[in-house]
Amino acid sequence: MSESPITQPNATALHIEDLVAYVREGRVRVPAFQRPLRWQWEDVRRLFDSILRGYPIGSLLLWERPAPAKTIQLGAMEITARATSNALWVVDGQQRITSLANALSDEGSKDQKFSLHYNLQEQKLGRPRSDEPLSLPLPVVFDLQRLLKWFADHLEATEYLDEATRVAKLIRQYTVPAYIVKQEDEKVLQDIFDRMNNYGRKLTRAEVFSALHAGTQGGPPRNLRDLAQKVEARVGFGVVDENTVLHALLACRGPDVTREIRIEFLEGRSQEFPNDTQEDAYLRAEEALVRAVGFMQCEAHVPHFGFLPYRYLLVVLTRFFAHHPDPAPRNRELLRRWFWRAALLGPTIARGVYTSAMKNLASCVIPKNESGSVQKLLAVVDTHHNSAAAFTFPRRFGSKTAEVRFVLCAMWELSPRSARTGEPYDRTTLSNALVDQATASEALELCFPRVPGVRREMANRIFWLGEGEEEDCAPHESLGERPPSMTKKTWQDVLTSHALDSELTELLRDGDHKHFFEKRSLRMAQITEAFLERMTESSFENTPPLEDLDLDTDEDEDNDVETHESF
């Protein structure tokens, strides 16, 4: 227990007008141990709805202490803050303060999460709409001078001036209870944060970890979200969720990913990397994740996080690349076989329990024994492989199911091409289409968008990236006929890359969805089965690299030099 004394918190009440002013001048700061912003648009709307109704929105806990000059990112707002001796660091209330400041500023409200309008006629909050002339952005309502100017420019709305000023007054003068603590020991504040958040909605394990082990500003990743974003910036794989990143970081330092996280960075905690500092651990996890993702993209043909059949396989790969960063070509080949054999099995290797499957596989990775690790991984999955690893083509599309992701990986390996240019899509285009998405849905379009009841057909989905949003750019229009400027050879390549041919395009053009789905489903199933067979190479021997084989026998040692040379 910390011996640092803590004074009784100073209870006060802050008007929203003053609180927002503090944010804009850079006096409000967010400590490194805070969790990332989780609120979405509906949460922000409900917050302001509570304010307008006069409901309580909870109290704030602020930590008063000095802060250096710095450029602060708070939600969508970028604030150039001067050094101050009495900054207010947010211990509890970050989501509310960030939402208030962003929704009431022009800069912040450009982000859809914080974009709110007040409809004067209907007297309610909603999203901005061009067909609602009496809908005012909250930053305008909040700024009295801008509000009066708006009414001067819209004389037809004069009858609503009283309603607008009422709402403006409610927001500006609403008071939020706040407790201000003066305490030098950051660990005490982290302890308060941990306790307060566990009294209410329970934090995820990843959020607790980031709160307890936040790093310093600059340099290595400071928390799990920062780590995920650094990996994404380097490899364009999509942002991996924080729980998977936590498991990956823990796996780098030991196979038991369920161990106690509050003492993770005590000296000597990791027997595998005993001299690692906390910063070393984040950096090691970043490099291992980058290598694991690179392996999946280039050799296992999993182009994006939304295509990954099971997240725990990334965790195991991260552990492998943390200990064996540059495996031999043969071991990379075997690792690819292992990955897809394990994917086909799923968690059945541990009686359907994902965490147990992750721990069992992670324990197969042996430090300083690259080939032994690969062989152990293969041995675990091959014990079950023949009896359990069967693929069934999914007739229905579900973006989160492993079977659908098998199909998507197989279809992506065909190098799908643009129906407009004939050029193959690349991973960058895919990554741009799936920004912040955990599934591949946004990269796909419907072949038959207007037919009722077929939306969920797997065969109704097709990769469609950057082709435009106009009706004539939709798959059912673009794929029905070869563009005049495209050669027959290129057009054939386009169709093949989408598991189509002239017969299927004719069915598409005629609107015969029934026969289209039957034939394309069969073709997609064959393509996926062939892909999985190439990836797993189930009939091949799993011999380790030649240099790891002991080819010397007692008999060989008895032979003379001439015999060896003849051999």
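Start with the open sheet: select five strands, which line up in the order β1-β10-β3-β6-β2 with mixed pairing. (Strands are DSSP runs of E, at least two residues, helices are runs of H or I, at least four, and both are numbered from the N terminus; two strands pair if DSSP finds at least two bridges between them.) Now colour β1 (10-15) and β2 (28-29): these stand at the edges with a single partner strand each, so one side of each has no neighbour in the sheet.

Next, pick out β3 (residues 60-67) and β10 (residues 175-181), which run parallel and are joined by four bridges. Click Leu62 and look across to β10, where its bridge partner is Ile180.

A quick note before moving on: this is a predicted model, where local features need pLDDT of at least 70 and side-chain atom pairs count only at pLDDT 80 or more, while totals for chains, interfaces and linings use all residues. Residues are numbered from 1 along each chain as its sequence is written, and side-chain values use heavy atoms, with hydrogens and water left out.

Now for the largest nonpolar core, which has 112 residues. (That's a set of buried Ala, Val, Leu, Ile, Met, Phe, Trp, Tyr and Cys residues joined through side-chain atoms within 4.5 Å; buried means under 20% relative accessible area, with a 1.4 Å probe and protein chains only.) Select Met296, Val302, Phe307, Trp338, Phe339, Trp340 and Leu479, the members that touch the most others. Helix α11 (residues 278-298) gives the most to this core, 10 residues.

Zoom in on Phe339. Beyond neighbours within four places in sequence, its contacts (heavy atoms within 4.5 Å) are Met296, Ala300, Val302, Leu308, Pro309, Leu313 and Leu317.

Hop to helix α20 (residues 502-510) and select Thr505. Is Thr505 buried or exposed? Buried: its relative accessible area is 6%. Not counting residues up to four places away in sequence, Thr505 touches Leu479 and Leu495.

Last stop: α16 (402-413), β12 (461-463) and α21 (513-536), each supplying at least two residues of the lining of the largest cavity. Select Val407, Met458, Phe463 and His498, which are among the lining residues.

Conventions: Buried < 20%, exposed > 50% of the residue type's maximum accessible area, 1.4 Å probe, protein only. 1 Å grid on protein atoms, 1.4 Å probe; cavity = no way out; pocket = protein on both sides within 12 Å on 5 of 7 lines; lining within 4 Å.
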